Amino acid sequence: MKNILIIFLCGSALNAQSLEDPNNSPLHIISIIKPKIIEQSTFGFDSSWVDSLKLQLPCKNVFVPKRIMRLPNAPRDYRNGTHRGIDFFANWGTPVQTVAPGVVIRADHYFKEVPPTFREDLLQTSAKVGHTPSDIFSNVLLGRAIFIDHGFDLVPGFRSITIYAHLSSIEKNILPGNIIEQGTLIGHSGNTGIRESTLGSRDGSHLHWEMILMKDGLEIYLGKDIPNPGLYKMLNRIFG
Ligand SMILES: [Zn+2]
């Protein structure tokens with residue numbers, strides 16, 4: 001009896017609204033939303049976008065790692081997220097350089113490591129909401145980071161940026177708004193933003209690097225949903 005009543009009420013609400021303005025009726029709105037959702041969920045990364053892309057390695061003689069867990073799309077269970085970038089093997093203090101020319105967007109000169117319990121609490125929050133919220137990812141988990149804007153020239157049709165994370169230091173001249181050439185020394189690798197760093201250790205040091213492409217209201221990381229070994233091959237060619 002209850003169910004019938006609810007259906008009847010919903011039905012009359014629909015009718016009442018559709019009489020007022022057909023464009024505001026729930027059914028009309030759903031018909032508009034549906035194709036949009038399908039469009040977004042099937043929007044994957046197309047490797048042809050980066051056919052002509054050539055980048056310099058961010059650390060000299062440190063190559064793209066083969067292990068899937070260090071590449072884009074690897075699961076990050078501890079924070080309910082997906083790895084968007086490449087974890088280059090780089091000991092604490094390895095020089096880091098820009099992969100392409102660009103403009104500095106962010107440079108965390110005044111980064112201060114967070115207390116370990118605060119970091120743990122944020123990871124639990126991530127687990128609770130079912131994904132890594134962008135504020136937690138960007139402000140805490142990246143550690144000391146640099147963002148470089150490559151404009152629309154590097155990947156045709158997209159704005160692209162690159163991110164260099166977990167740094168131990170940043171060069172003095174790397175300031176927002178500064179134009180920098182490809183291969184410019186921007187800082188040194190480290191483990192900021194990683195659990196070990198919050199405990200005062202240098203363990204776990206590496207360079208987390210990622211590239212984000214932007215177009216039509218969407219932001220998509222380099223290599224999103226590209227399976228291996230194609231992903232590794234593509235990244236190797238870009239850094240070749
Ligand atoms: Zn990483």
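Trainee: Where is Leu167 placed?
Mentor: Leu167 lies in the loop between strand S7 (159-165) and strand S8 (169-170). Strands here are DSSP runs (E, at least two residues), and helices are runs of H or I with at least four residues, both numbered from the N terminus. Residues are numbered from 1 along each chain as its sequence is written. This is a predicted model, in which local features need pLDDT of at least 70 and side-chain atom pairs count only at pLDDT 80 or more, while totals for chains, interfaces and linings use all residues.

Trainee: Is Leu167 buried or exposed?
Mentor: Leu167 is buried, as 26 other C-beta atoms lie within 10 Å. A residue is buried with 20 or more other C-beta atoms within 10 Å of its own, exposed with 12 or fewer, and partly exposed in between, with C-beta atoms placed from the backbone.

Trainee: How far apart are Leu167 and His188?
Mentor: They are 21 residues apart in sequence, and their C-alpha atoms are 5.7 Å apart in space.

Trainee: Now helix H6: which residues are buried there?
Mentor: In H6 (residues 230-238), these are Leu231, Met234, Leu235 and Ile238. They fall within an arc of 95° seen down the axis, so they line one face of the helix; the arc is that of the directions from the helix axis to the C-beta atoms.

Trainee: What do they pack against?
Mentor: The buried residues of H6 pack against strand S3 (86-88).

Trainee: And what is the mean pLDDT?
Mentor: The protein chain has a mean pLDDT (the predictor's confidence in each residue, from 0 to 100) of 88.

How values were computed. Two residues are in contact if their C-beta atoms, placed from the backbone, lie within 7 Å.
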